[in-house]
Amino acid sequence: MRKRHLFQTAAWALTLMLLLSACAAGGPGTSSGTSGSADAGGGGEAPAGKTAISYWTPFSGGDGEFMTQMIEKFNAENPEIHVEQLANPAGDYYTKLQTAIASDQAPDLMVLHSSRMPQFVPSGFVTPLDDLAAEAQLDWGEFNPTILESTVYDDKHYSVPLDTHAIVMYYNKEHLEKAGVLDGDGNPVYDPSPEGFTEFLTKIKDAVPADVAPLAQPDVRIDSYWMFWGFYNQMTGGGKFYDDSGKAALNNPQALETLEYVDSLYTSGLIPPKINDAVKLFQDKRAAVLITGVWSTGAFEGIDGLDFGVVPMPQIYDQPATWGDSHTLALPKHGTEDPAKQKAALIFAKWLADNGELWAKAGHIPSVTKVLESQAFQDMPYRSDYAASADFVKYWPRNEKQGQVNDNVIKEFEKMMAGKQDAQTTLEKSNAAIDKTIGQ
């Protein structure tokens with residue numbers, strides 16, 4: 001009893017701190033879509049004799065539909081386990097999850113983004129899996145090592161990776177063909193350098209109608225920050241965010257060169273100003289190129305007459321890299337654990353990962369190598385064209401306040417894109433904002 005009381009007391013104190021600091025708010029890396037039903041995909045009452053497990057997700061829209069279909073398939077195929085889903089609105093998913101864990105009312109299994117693990121793992125809110133994995137026949141060697149690494153802390157596995165969702169480059173074949181920048185296989189052609197990519201977009205701008213964006217990107221929110229992070233990690237010596245002491249280190253020559261290049265795309269008009277909904281612009285065939293997340297694939301497939309292609313994030317520097325995050329499956333901590341439920345939850349988590357071709361319908365890149373190599377996945381349109389992104393996805397740094405940090409850096413980026421400050425000033429102010437946020 002005393003152990004359980006101490007767990008609840010400590011957890012409540014930590015959750016209160018997180019809520020006050022807004023760490024639990026939705027932010028970079030949350031699932032596509034912002035709405036959801038608290039009782040969607042519940043799965044009904046567990047039949048007698050089955051182990052019932054509760055499963056919390058932040059999915060809605062296409063993601064939610066595909067996940068619900070997978071749960072129904074699992075329940076139909078497994079005589080001993082019944083999964084009951086609670087699909088929460090993505091915007092307050094992590095707030096509810098932290099509160100549930102703190103009050104010892106957590107689900108048996110939860111979706112946890114890799115970017116959110118720095119908030120949960122060091123706090124003791126997640127159960128390490130290595131001692132439980134063997135019983136559920138989990139083989140860590142079956143997963144893409146880059147994706148798997150995002151779930152490992154201090155050489156311990158804390159969750160089962162389900163996917164990675166990275167930013168990629170979509171393109172309208174009609175517009176690119178008119179500009180003469182497609183090869184015989186319908187793939188975009190450009191020299192892999194900043195100058196080459198600028199020339200590629202300039203040719204498009206010169207060939208398409210004036211109301212068509214060569215590259216569609218909003219000048220607010222996180223999109224340009226994702227693009228910057230991908231390009232920045234492509235540079236030799238790039239990708240540094242903090243120094244060894246934990247202080248901000250974003251103001252450096254590689255970051256400056258990258259940010260000046262991103263800014264040049266806006267100031268030159270290759271990214272037209274005042275774009276709010278770049279995805280809709282592409283759907284309406286008024287954008288030639290769009291750099292955004294793989295989760296848009298399913299939506300674009302449903303647009304009549306949209307002849308598009310998709311490739312990994314353009315490589316313009318020394319090595320391939322792109323921004324990404326991952327949906328992972330984790331066991332929340334409880335005051336008293338139920339070994340039967342833990343085993344059942346991991347069996348279900350393994351099944352989801354092993355059946356990743358079903359989840360790939362939502363556009364995500366499966367985490368299990370054999371799924372990527374399967375004929376079922378290879379036969380899916382578009383997905384295999386960007387699947388290699390899983391090998392060079394770059395996650396945000398591991399900092400429990402990274403969500404707040406990103407929000408504050410984005411504000412500085414927005415000032416730059418509004419013409420209120422240059423790239424150097426943006427990095428200087430970003431560094432100051434980072435240190436202030438993390439208490440340095």
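Here is a walk through salt bridges, a charged patch, a sheet and some single residues.

User: What should I know before we start?

Analyst: This is a predicted model, so local features need pLDDT of at least 70 and side-chain atom pairs count only at pLDDT 80 or more, while totals for chains, interfaces and linings use all residues. Residues are numbered from 1 along each chain as its sequence is written, and side-chain values use heavy atoms, with hydrogens and water left out.

User: How many salt bridges does a search of the whole structure find?

Analyst: The search finds 11. A salt bridge here is a side-chain nitrogen of Lys or Arg within 4 Å of a carboxyl oxygen of Asp or Glu.

User: What ties Lys 343 to Glu 135?

Analyst: Their side chains form a salt bridge, 3.7 Å from N to O. Lys 343 is in helix α13 (residues 339-354) and Glu 135 is in the loop between α5 (130-133) and α6 (145-149), so the pair ties together parts that are 208 residues apart in sequence. Helices are DSSP runs of H or I with at least four residues, strands are runs of E with at least two, and both are numbered from the N terminus.

User: Are those two buried or exposed?

Analyst: Lys 343 is partly exposed, at 33% relative accessible area. Glu 135 is exposed, at 52%. The cut-offs: buried is under 20% relative accessible area, exposed is over 50%, and partly exposed is in between, with a 1.4 Å probe and protein chains only.

User: Where do Lys 203 and Glu 199 lie?

Analyst: Both lie in helix α8 (residues 194-207), four residues apart, about one turn of the helix. Lys 203 is partly exposed at 40%, and Glu 199 is partly exposed at 44%.

User: Switching to the surface. Which residues gather in the patch of negative charge?

Analyst: Asp 191, Glu 195, Glu 257, Glu 260, Asp 318, Asp 422 and Glu 428. Patch residues have over 30% relative accessible area and no salt bridge; like charges are joined within 9 Å, and nonpolar side chains (Val, Leu, Ile, Met, Phe, Trp, Tyr) within 5 Å. Asp and Glu count as negative, Lys and Arg as positive, and His and the chain ends are not counted.

User: Where is Asp 422 in all that?

Analyst: Asp 422 is in the loop between α18 (402-417) and α19 (423-438). Asp 422 is partly exposed, at 42%. Asp 422 and Glu 260 are 162 residues apart in sequence, but 8.1 Å apart in space, C-alpha to C-alpha. Asp 318, also in the patch, is in the loop between β10 (308-312) and β11 (322-325).

User: Now the sheet. What is the strand order?

Analyst: The order is β2-β1-β3-β12-β6, an open sheet of five strands with mixed pairing. β2 and β6 (160-161) stand at the edges, each with a single partner strand, so one side of each has no neighbour in the sheet. Two strands pair if DSSP finds at least two bridges between them.

User: How does β1 pair with β2 and β3?

Analyst: β1 pairs with strand β2 (residues 81-87) in the parallel sense over seven bridges. Thr 57 has Ala 87 in β2 as its bridge partner. With strand β3 (residues 109-113), β1 is also parallel, over two bridges. Trp 56 stands opposite Met 110 in β3.

User: Why is β1 largely enclosed?

Analyst: Strand β1 (residues 51-57) is largely enclosed by the rest of the structure because five of its seven residues are buried.

User: Back to α13. Is Phe 348 buried or exposed?

Analyst: Phe 348 is buried, at 0% relative accessible area. Phe 348 sits in helix α13.

User: Last one. What is phi for Asp 154 and Arg 221?

Analyst: Asp 154 has a positive phi of about 50 degrees, although it is not a glycine. Phi of Arg 221 is near 70 degrees, also positive. Most residues other than glycine have a negative phi. Asp 154 is in the loop between β4 (152-153) and β5 (156-157) and is exposed at 74%. Arg 221 is in the loop between β8 (213-216) and α9 (223-234) and is partly exposed at 37%.

Note on methods
Accessible areas come from the Shrake-Rupley method with a 1.4 Å probe; for residues, only the protein chains shown count as cover. The place of a charge is taken as NZ of Lys, CZ of Arg, CG of Asp or CD of Glu.
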